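Trainee: I am new to this structure and would like to learn how to read its charged contacts. Could you take me through them with care?

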Amino acid sequence: MMTGAAMQDDVRISPVHLKAVAGPGQPEPSPELEELYRGFERERLVPLWTEIGDLMPRHPRSKASAHVWRWSRLKALAAEAGRIVPVGRGGERRAIALANPSLGGRPFATPTLWAAIQYLMPGENAPEHRHTQHAFRFVVEGEGVWTVVNGDPVRMSRGDFLPQAGWNWHAHHNAASQPMAWIDGLDIPFAYYTESQFFEHGRDRIAAVEQTTPERSRAERLWGHPGLRPLSQPDAPAASPLLAYRWTDTDRALSDQFALEAEGHAATVSPGHAAVRFTNPSNGRDVMPTIRAEMHRLRAGASNRVAREVGSSVFQVFDGTGTVTVGERSWSVERGDLFVVPSWVPFSATASSEAALDLFRFADAPIFEALHAHRAQLDE
């Protein structure tokens, strides 16, 4: 039989701590209730009536905050890291993650999404590895770095979106005479919280033939033809087999939507707001099972409809200037700036009167759609 002292020690080391408080939906505080709560603590039990407001709120209440990171500051710090911090085994990548101010210092932009600036000096090689987390690279400026995926060299240029499905070997090398920076997006926080991550080192050096610089990768030559699927590839992979979505195609698609809108056709998501989604050419779904990626363009002076949805997003300004509002926060933004939209927090953007505003967006919506938990709302 447990003694009184042992019972007190067991309560003290329990991670469960309960206190009887008066309030709507709560039982009346009493010595008997306090004793019941001590029993719950000893057995590591938590009654729903003390937690329901946090566990089952009326709508999502994200632990993440709306926040903006300035590209000019990120680049300056990344350049200093390039001078001081080597690339190689150990750190693997010179990637500097955005840490949402409300997530306890973790390197997470949102509870499910990772975003980082990666910086590679001239002539540097980032060693080969693979991981189960899905990833992509998006280039807001610069030229000269090549990512090598399963031995396939892929050019990285301004405006290009380069998805990287999980568990594929990949390395990077800078063939230019200047440093280059880009953003990495991954589902690292989701994999971390679901305890599903695997990682494996590859070769320390990629072969010379893999450091060539072809205009088009093998993946582009096979999969990069609009509306055409190679019959040699009968299976539809869960993530996109196309390793580069080129800016020239994205730009033309957005421009054509505006041209059609001007001709009186229903081609934009709202007046002055063109948008496209990057999709898997084998099945038309999102480029990756956990990540959605889009490009939005607002005509000069135009705004999008105020939107909110279950799940979080990270935006980067690709070009132009404007104002973005996330919940109660508003910022003026320019090329390269990144900002977070937490779950179910209203978001809107307005382009300046001088030029269009291009916004790259990635989000965790596919996760919630797969769970039948996704919900979105557009204000009229």
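Trainee: Which side chains meet in a salt bridge at 2.8 Å, N to O, with Arg277 as one partner?

Mentor: A salt bridge is a side-chain nitrogen of Lys or Arg within 4 Å of a carboxyl oxygen of Asp or Glu, and here the side chains of Arg277 and Glu294 form one at 2.8 Å, N to O. Arg277 belongs to strand β12 (residues 273-277) and Glu294 to strand β13 (residues 292-298), so the pair ties together parts that are 17 residues apart in sequence; helices (H or I, at least four residues) and strands (E, at least two) are DSSP runs, numbered from the N terminus. This is a predicted model, in which local features need pLDDT of at least 70 and side-chain atom pairs count only at pLDDT 80 or more, while totals for chains, interfaces and linings use all residues. Residues are numbered from 1 along each chain as its sequence is written, and side-chain values use heavy atoms, with hydrogens and water left out.

Trainee: Is Glu294 buried or exposed?

Mentor: Buried means under 20% relative accessible area, exposed over 50%, and partly exposed in between (1.4 Å probe, protein chains only). Glu294 is buried, with a relative accessible area of 6%, whereas Arg277 counts as partly exposed at 42%.

Trainee: Where does Glu369 lie, and what does its pair with Arg292 tie together?

Mentor: The side chains of Glu369 and Arg292 meet in a salt bridge at 2.8 Å, N to O. Glu369 lies in helix α8 (residues 365-370) and Arg292 in strand β13, so this pair ties together parts that are 77 residues apart in sequence. Salt bridges that share partners also join Arg277, Glu294, Glu309 and Arg361 into one network.
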